[in-house]
Amino acid sequence: MQPTPDFDPAKLAKSLLRRSRQGALATLMVGSGGPYCSLVNLASHPDGSPILLISGLAVHTRNIFADPRVSLMLDERVACDPLEGARIMLSGRAEPAGDEKQLLQRRYLAAHPSAEAFVSFKDFSFYRIRPTGTHLVAGFGRIVDLKPEQFLTDLSGAEDLLAAEEGAVEHMNADHREAMNLYATRLLGAPAGDWRCTGCDPEGLDMQDGQTALRLDFPERVTDGTALRKMLVRLAGDARKRMDQSESL
């Protein structure tokens, strides 16, 4: 059965990567090589690859020390039958943060503020999963294998934007919470809430209220701070127009 024309597997896989805050991590047991699965919290790198904060005392971390090959199951929970929601099985290698530690820590804490209580513990370390591929299941006739270049965000030429991201996120959360709520309610159809920005990249903006995460895709790619500011103003204008139109009905 062929997928329907409105099915965009790359877009759906990207959305799941950006919105997921927990996942099932599969590693290979030291010695036996048998499968071992555990529940982990996660955030996303600017390119969409998963970020983990894990303890060296955990079995899955010891497994990664011996063999960094992992897989990560992410699913879109729906009411009634969970199998009706989309899910991806991402395969790759878990690598220590290295020079990216500050970036990984900032983005992880934006998604999981409570981790601030133990992020400095000596046995905890940040890892980034470098994907080698993903298997997407989104319903009958909607099963697709994707390569990394199909579901990760290309960061080439966006160095200025990445440098401006931290300041942009702080500015949005300090001065533009109304706009964040408009993005969520008017552009994405979410309930009103305490929406805050957790990150941005060339393709979109990540928002969160508690553990509920949303992804606002940009209509065009942005690569610097000026373009980001213009895009956010434009989207706020679109959201206000929709609000005015609904109130006039």
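**Entry 1: helices H5 and H6.** In this predicted model, I looked up how helix H5 (residues 159-175) packs against helix H6 (residues 177-187), and I found an angle of about 95 degrees with the axes 5 Å apart. Angles of 65 to 115 degrees count as roughly perpendicular, and H5 and H6 are therefore roughly perpendicular to each other. I then listed the residues in contact: H5 contributes Met172, Asn173 and Asp175, while H6 contributes Arg177, Met180 and Tyr183. Sorted by class, the contact of H5 with H6 has three nonpolar, one polar and two charged residues.

**Entry 2: glutamate 178.** I located glutamate 178 in helix H6. Is glutamate 178 buried or exposed? Its relative accessible area is 57% and exposed means over 50%, so I recorded glutamate 178 as exposed. I also checked glutamate 178 against cysteine 200, 22 residues apart along the chain, and noted a C-alpha separation of 18 Å.

**Entry 3: the sheet.** I next traced an open sheet of three strands, with the order E9-E10-E11 and antiparallel pairing. From one strand to the next, I noted an average twist of 20 degrees.

Entry 4: Which residue of E10 is the bridge partner of cysteine 197? I identified methionine 207. Finally, I placed helix H3 (residues 101-111) across E9 and E10, where H3 runs at about 145 degrees to E9.

Conventions
Residues are numbered from 1 along each chain as its sequence is written. This is a predicted model: local features need pLDDT of at least 70, side-chain atom pairs count only at pLDDT 80 or more; totals for chains, interfaces and linings use all residues. Side-chain values use heavy atoms; hydrogens and water are left out. Axes are lines fitted to C-alpha atoms, for helices over the stretch in contact, and angles run from 0 to 180 degrees between N-to-C directions. Helices (H or I, at least four residues) and strands (E, at least two) are DSSP runs, numbered from the N terminus. Angles under 35 degrees count as roughly parallel, over 145 as roughly antiparallel, 65 to 115 as roughly perpendicular and the rest as oblique. Contact means heavy atoms within 4.5 Å. Ala, Val, Leu, Ile, Met, Phe, Trp, Tyr, Cys and Pro count as nonpolar, Asp, Glu, Lys and Arg as charged, and the others, Gly among them, as polar. Buried means under 20% relative accessible area, exposed over 50%, partly exposed in between (1.4 Å probe, protein chains only). Two strands pair if DSSP finds at least two bridges between them.
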